[in-house]
Amino acid sequence: MKNVDLRSDTVTRPTPEMREAMCRADVGDDVYGEDPTVNKLQELAATMLGKEAGLFVPSGTMGNLSAMLAHCQRGDEVILGNKAHTFLYESGGISALGGVHSCQLPNQSDGSLALEEIKNAIRADDPHQPITRLIALENTHNRCGGTYQVPAYTQEICDFAHLNGLAVHLDGARIFNAATACGMPVKAMVDSVDSVTFCLSKGLCAPVGSILCGSNEFIRKAHRIRKQLGGGMRQAGILAAAGIIALESMVERLKDDHARARCLADGLRQYPYIILDNGTAATNMVFLSVSDEVKHSTRQISSLLEKQGVRVGAVGEKRFRLVTHYWIDDEDINHTIEAFGMIKK
Ligand SMILES: Cc1ncc(COP(=O)(O)O)c(C=O)c1O
């Protein structure tokens, strides 16, 4: 039976080239800063993103958390979107572990935050209020459908932030997808932000890990926080070796995932009972709702699809997310379109 797993690009397994590189990896104790493969990965990532330094962390969540704790003191406030991954899906780590307060602004449908709303959210110099310290953005925006922001938007927010003494952190878990969709080098996408996290273990296919990039001084701070969070890893070069392949060989091909997501959306459009989100598929995600014409529940629809070997993410009442990635080919896309044809029967 087919196994077409479209729940997320996090389900990607390492490629044969990655497994080979992992076997051969030169390693050392990274807590001592002595793992040559980790060092190489961090330098490569920083160079690609145009930042002074990079820090290998076990997950995107730890990258975002380390960054926000490095930017903020206890009681400081971060402005972020009400659909941000950092707000919805990271277990409230910034407040639980860092005492950081959050001010949530509505994400617009394209994932952006309106500059006017940010301006209004900045706290007055008043001892009753927390101190606004940081703005956190997300690109591509997961919960807003894999939408992306162009560099001019990020620049505008950063210019405003910097004029007002604020820093900007970007959750760029899928920043290479955003760069691919914009047709820009990734450096241009993150040029103006103070720090950025991106994931090696999503569309780039590495088994584990993310990188936090920023200035030397910022990364020194974040390094200490990573240690406090228990994220110091020893012979992590085994993992970093796959990360190097991810950066060297997997970026170019993201355009194929985007083309397949568009193909999938186009194929699903034929069914009158499927309502695709506006603008889907901007990158590698397709978001859709199933109309009441289909009597099955969310769970029944998922299980009908699973019986045909298709796994999708349920993200609401009769609402689903499908994510393309390295292990999804053209035949899988056709099979998925056919499988959705069966849910009405
Ligand atoms: C936008 C975004 N940021 C951060 C993360 C967290 O990454 P991790 O699962 O590696 O902690 C995810 C995970 O899916 C994500 O989609």
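Colleague: In which loop does Cys205 lie?

Modeller: Please note first that this is a predicted model. Cys205 lies in the loop between β7 and β8. Its backbone deserves attention, as Cys205 has a positive phi of about 80 degrees although it is not a glycine.

Colleague: Which strands form the sheet of seven, and in what order?

Modeller: The general idea is that strands of a sheet pair through backbone hydrogen bonds, either parallel or antiparallel. Here the seven strands follow the order β2-β8-β7-β6-β5-β3-β4 in an open sheet, and the pairing is mixed. At the edges stand β2 (53-57) and β4 (101-105); each has a single partner strand, so one side of each is left without a neighbour in the sheet. On average, neighbouring strands of this sheet are turned by 20 degrees against each other, direction ignored.

Colleague: How many bridges join β6 to β7, and how do these strands run?

Modeller: Strand β6 (residues 167-171) and strand β7 (residues 195-199) run parallel and are joined by three bridges.

Colleague: In what sense does β3 pair with β5, and in what sense with β4?

Modeller: Strand β3 (residues 76-81) pairs with β5 in the parallel sense, over four bridges. In that pairing, Val78 stands opposite Leu134 in β5. The pairing of β3 with β4 is also parallel, over five bridges, and the bridge partner of Leu80 in β4 is Gln104.

Colleague: Which strands does helix α10 lie across?

Modeller: Helix α10 (residues 216-228) lies across β2, β7 and β8 (210-214), and runs at about 15 degrees to β2.

Colleague: At what angle do α3 and α10 pack, and how far apart are their axes?

Modeller: Two packed helices are described by the angle between their axes and the distance between the axes. For helix α3 (residues 60-71) and α10, the angle is about 115 degrees and the axes are 9 Å apart. The crossing of α3 and α10 is right-handed. On the α3 side, the contact is made by Met62, Ser66, Ala67, Leu69 and Ala70; on the α10 side, by Phe218, Lys221, Ala222, Ile225 and Arg226. By class, these are seven nonpolar, one polar and two charged residues.

Colleague: How many strands does the sheet containing β9 have, and what is their order?

Modeller: That open sheet has four strands in the order β9-β10-β13-β12, with antiparallel pairing. Its edge strands are β9 and β12 (313-316), each of which pairs on one side only. Neighbouring strands of this sheet are turned by 35 degrees against each other on average, direction ignored. As an example of the pairing, β9 and β10 are linked in the antiparallel sense over three bridges, and Leu276 has Leu288 as its bridge partner in β10.

Colleague: Which helix lies across β9, β10 and β13?

Modeller: Helix α12 lies across β9, β10 and β13 (319-323), running at about 20 degrees to β10.

Colleague: How do the axes of α12 and α14 cross?

Modeller: The axes of helix α12 (residues 254-268) and helix α14 (residues 330-341) cross at roughly 25 degrees and come within 9 Å. The two helices, α12 and α14, are therefore roughly parallel to each other. Their crossing is right-handed. In the contact, Arg260, Cys263, Leu264, Gly267 and Leu268 of α12 meet Asp330, Ile333, Thr336, Ile337 and Phe340 of α14. These residues divide into six nonpolar, two polar and two charged.

Colleague: Finally, which residues surround the ligand?

Modeller: The ligand is surrounded by Thr10, Ser59, Gly60, Thr61, His85, Glu138, Asn142, Asp171, Ala173, Cys199 and Ser210. By class, this shell has two nonpolar, seven polar and two charged residues.

How values were computed
Residues numbered from 1 in each chain as written. Predicted model: local features only at pLDDT ≥ 70, side-chain atom pairs only at ≥ 80, totals over all residues. Near = placed C-beta within 6 Å. Nonpolar A, V, L, I, M, F, W, Y, C, P; charged D, E, K, R; others polar. Pairing = 2+ DSSP bridges. Axes fitted to C-alpha atoms, helices over the stretch in contact; angles between N-to-C directions. Contact = placed C-beta atoms within 7 Å. Left-handed = near helix turned anticlockwise from the far one by under 90°. Parallel < 35°, antiparallel > 145°, perpendicular 65-115°, else oblique.
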